[in-house]
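Me: I have a structure open and have not looked at it before. Can we go through it piece by piece?

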Amino acid sequence: MAAKDLTKQIVTYAGGEENIESISHCMTRLRLVVKDKDKVEKGKIDSLSGVTGSIFSGGQYQVIIGQEVSDVYEDILQNYNIGGGGKVADAGTGDDEPKKKGFLSLLDRMVSVLAAIFTPLIPAMAGMGFLKVILVLADMAGAPQEHMTYQLISILSDAFFYFLPFLVAWSAANQFKANKPLSLMLTGFLLHPNFTQLFESGNQVAFLGISVPEVNSVGSILPPILTVLLLSYVEKLINKYLPSLVKNVFASVIALLITMPIAILLIGPIGNWGGSVLVNVFNGLYDLSPMLSGALIGGLWQVIIIVGMHWLVLTLIQFPNINTLGVDKVTVAFAPSIMCQIAAGFAVALRVRSKVVKQNVMSLTVTSLLSGGVIEPVMYGVNIKYRKPFYFVLLGGAIGGAITGASGAGITAPVMFGIYTLPAFFGNGFVGLMIGTVVACAVTFLLTYFFGVDKAIEEKQTQELQGTIKQSA
């Protein structure tokens with residue numbers, strides 16, 4: 001189905017453009033914030049040719065489209081009047097989240113906000129990861145690291161980590177509706193060489209007599225998010241109470257002078273501490289038992305993908321480990337579970353009898369296999385629809401993750417696990433990773449082939465696909 005036709009049907013079944021608050025997208029999903037989710041005809045959207053599934057999660061309605069998602073997104077921006085103007089969705093709106101109380105609601109809102117901040121950064125993350133893979137291949141080919149081309153590519157890939165606070169601040173400014181130049185200026189202050197050199201001089205750094213803690217903001221994530229969040233509230237207060245006569249002249253400097261000291265005295269230390277605690281918890285679990293850590297991550301990874309949090313986990317855990325240690329041995333346990341989705345897809349394709357279903361399942365499975373680790377097509381289009389295969393994927397992922405953890409395998413570049421990214425997994429424990437992947441896939445495939453295909457679901461899918469073919473014709 002052409003992007004224009006698919007766009008029209010998605011907008012229509014989502015309740016029309018007047019029901020869509022704002023939109024964004026990641027590598028495979030169109031993310032909508034809707035005003036009234038009861039107006040969303042989820043069943044009709046799920047049955048569209050070009051859509052492999054949809055889910056309400058974190059205040060967003062996420063439509064899984066695949067590689068064509070950017071075309072659909074751009075078509076919506078050009079041809080429809082969406083309230084958010086294409087900005088990243090303000091998580092928590094349109095899904096009755098503000099009305100809910102309690103810790104779980106608060107946690108869900110926090111998670112959805114963080115996911116919304118990191119979603120726009122995914123292209124840069126993916127680009128940086130593949131640059132690292134290129135460098136690994138260059139090393140294997142014997143290319144000298146002193147070669148200028150090698151160094152330039154290395155610097156380009158490292159630029160993502162070094163300037164990650166800027167990228168996070170820019171995206172957070174979109175999310176919190178804060179002034180972007182001021183957000184980047186405050187982040188730049190935290191990274192400014194002259195500011196960091198103040199601590200190296202041996203002098204006591206203080207602001208108005210209050211001692212300033214030394215914090216390394218390079219590659220930080222939580223400090224820029226919290227700083228921009230604070231700035232957004234400061235700006236609201238200034239706009240509310242500062243007279244219009246002087247607002248245009250003094251609003252910016254007042255916002256900076258209020259936010260800056262709070263950022264360096266409180267937010268920086270608290271943010272770095274929070275990030276360190278999270279990393280230490282995951283790393284501590286790995287140190288306690290690599291096998292247990294691997295089993296938990298491998299077994300739960302597909303659930304993390306469903307709620308759209310996989311890139312966030314990688315950013316908060318994997319990135320710091322790779323940036324500081326050069327390798328991450330904690331989250332690498334997710335790798336076998338990726339291949340388990342593929343194994344389950346092939347098992348379903350071989351088991352079903354309906355030719356139209358077999359063709360559809362095989363197409364989705366091969367697409368996921370060749371997509372470089374993007375497994376949403378086979379996960380939503382096949383395994384979740386048949387239910388049992390998805391459970392077998394979780395079991396296989398846990399087994400493969402345990403073997404991977406016990407082997408001491410690691411990942412040297414933040415990429416998904418696929419045929420194009422294998423060099424990022426080379427090194428100590430790679431054989432164990434591959435053994436874990438083979439065992440996990442074998443368990444998933446056999447369980448799915450013999451116990452995972454429900455004939456009633458197959459018949460229903462046959463009718464749906466035949467109906468879609470007739471509509472297309």
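Me: Let's start with a detail. Which residue in strand 4 does R29 stand opposite?
Reply: R29 stands opposite I64 in strand 4. Keep in mind that this is a predicted model.

Me: And what is the bridge partner of G53 in strand 4?
Reply: That is I64 too: the bridge partner of G53 in strand 4 is I64.

Me: OK, what about the strands behind those pairs? How many bridges join strand 2 to strand 4?
Reply: There are 4 bridges between strand 2, residues 29-34, and strand 4, and the two run antiparallel. One of the facing pairs is L32, which stands opposite Y61 in strand 4.

Me: How many bridges for strand 3 and strand 4?
Reply: Strand 3 pairs with strand 4 (residues 60-64) over 5 bridges, in the antiparallel sense. Within strand 4, V63 is the bridge partner of S54.

Me: In what order do the strands sit in the sheet?
Reply: The order is 1-2-4-3, an open sheet of 4 strands with antiparallel pairing. Strand 1 (20-25) and strand 3 are the edge strands, each pairing on one side only. On average, neighbouring strands of this sheet are turned by 20 degrees against each other, direction ignored.

Me: Which helix packs on the sheet?
Reply: Helix 3, residues 69-79, packs on the sheet and touches strand 1 and strand 2. The direction of helix 3 makes about 145 degrees with that of strand 1.

Me: Back to strand 4. How many of its residues are buried?
Reply: 5 of the 5 residues of strand 4 are buried, so strand 4 is largely enclosed by the rest of the structure.

Me: Which residues are on which side of strand 4?
Reply: Q60, Q62 and I64 are on one side, with Y61 and V63 on the other. These residues are all buried, and both faces of strand 4 are covered. In a regular strand, side chains alternate between the two faces of the sheet.

Me: And strand 3, how many are buried there?
Reply: In strand 3 (residues 53-57), 4 of the 5 residues are buried, so strand 3 is largely enclosed by the rest of the structure.

Me: Let me zoom out. How many helices and strands are in the protein chain?
Reply: The protein chain has 19 helices and 6 strands. It has 473 residues, and 50% of them count as buried. Among the contacts with a separation of 6 or more, 74% are between residues 24 or more positions apart.

Me: What does the accessible surface come to?
Reply: About 22000 Å² for the protein chain, and carbon and sulfur atoms account for 64% of that.

Me: Now a helix. Which residues of helix 15 are buried?
Reply: The buried ones in helix 15 are V356, V357, V361, L364, T365 and S368. Down the axis of helix 15, these buried residues fall within an arc of 160 degrees, so they line one face of the helix. An α-helix has 3.6 residues a turn, so residues three or four places apart point the same way.

Me: Which residues are exposed on the other side of helix 15?
Reply: K355 and Q359 are exposed there, on the other side of helix 15.

Me: How far apart are the end C-alpha atoms of helix 15?
Reply: They are 21 Å apart. With 15 residues (355-369) at 1.5 Å a residue, helix 15 should span 21 Å, which agrees.

Me: Is K177 buried or exposed?
Reply: K177 is exposed, with a relative accessible area of 62%.

Me: What is phi of L208 near?
Reply: Phi of L208 is near 55 degrees, a positive value in a residue other than glycine. L208 lies in the loop between strand 5 (206-207) and strand 6 (210-211), and counts as exposed at 76% relative accessibility.

Me: Last one. Is F417 buried or exposed?
Reply: F417 is buried, with a relative accessible area of 3%. F417 is found in the loop between helix 17 (388-407) and helix 18 (430-451).

Me: How far apart are F417 and I338?
Reply: They are 79 residues apart in sequence and 6.8 Å apart in space, C-alpha to C-alpha. Leaving aside neighbours within four places in sequence, F417 has contacts that include I338, F334, M339 and L433.

Definitions and conventions: Residues are numbered from 1 along each chain as its sequence is written. This is a predicted model: local features need pLDDT of at least 70, side-chain atom pairs count only at pLDDT 80 or more; totals for chains, interfaces and linings use all residues. Side-chain values use heavy atoms; hydrogens and water are left out. Buried means under 20% relative accessible area, exposed over 50%, partly exposed in between (1.4 Å probe, protein chains only). Contact means heavy atoms within 4.5 Å. Accessible areas come from the Shrake-Rupley method with a 1.4 Å probe; for residues, only the protein chains shown count as cover. Two strands pair if DSSP finds at least two bridges between them. Axes are lines fitted to C-alpha atoms, for helices over the stretch in contact, and angles run from 0 to 180 degrees between N-to-C directions. The expected span of a helix is 1.5 Å times one less than its number of residues. The arc is that of the directions from the helix axis to the C-beta atoms.
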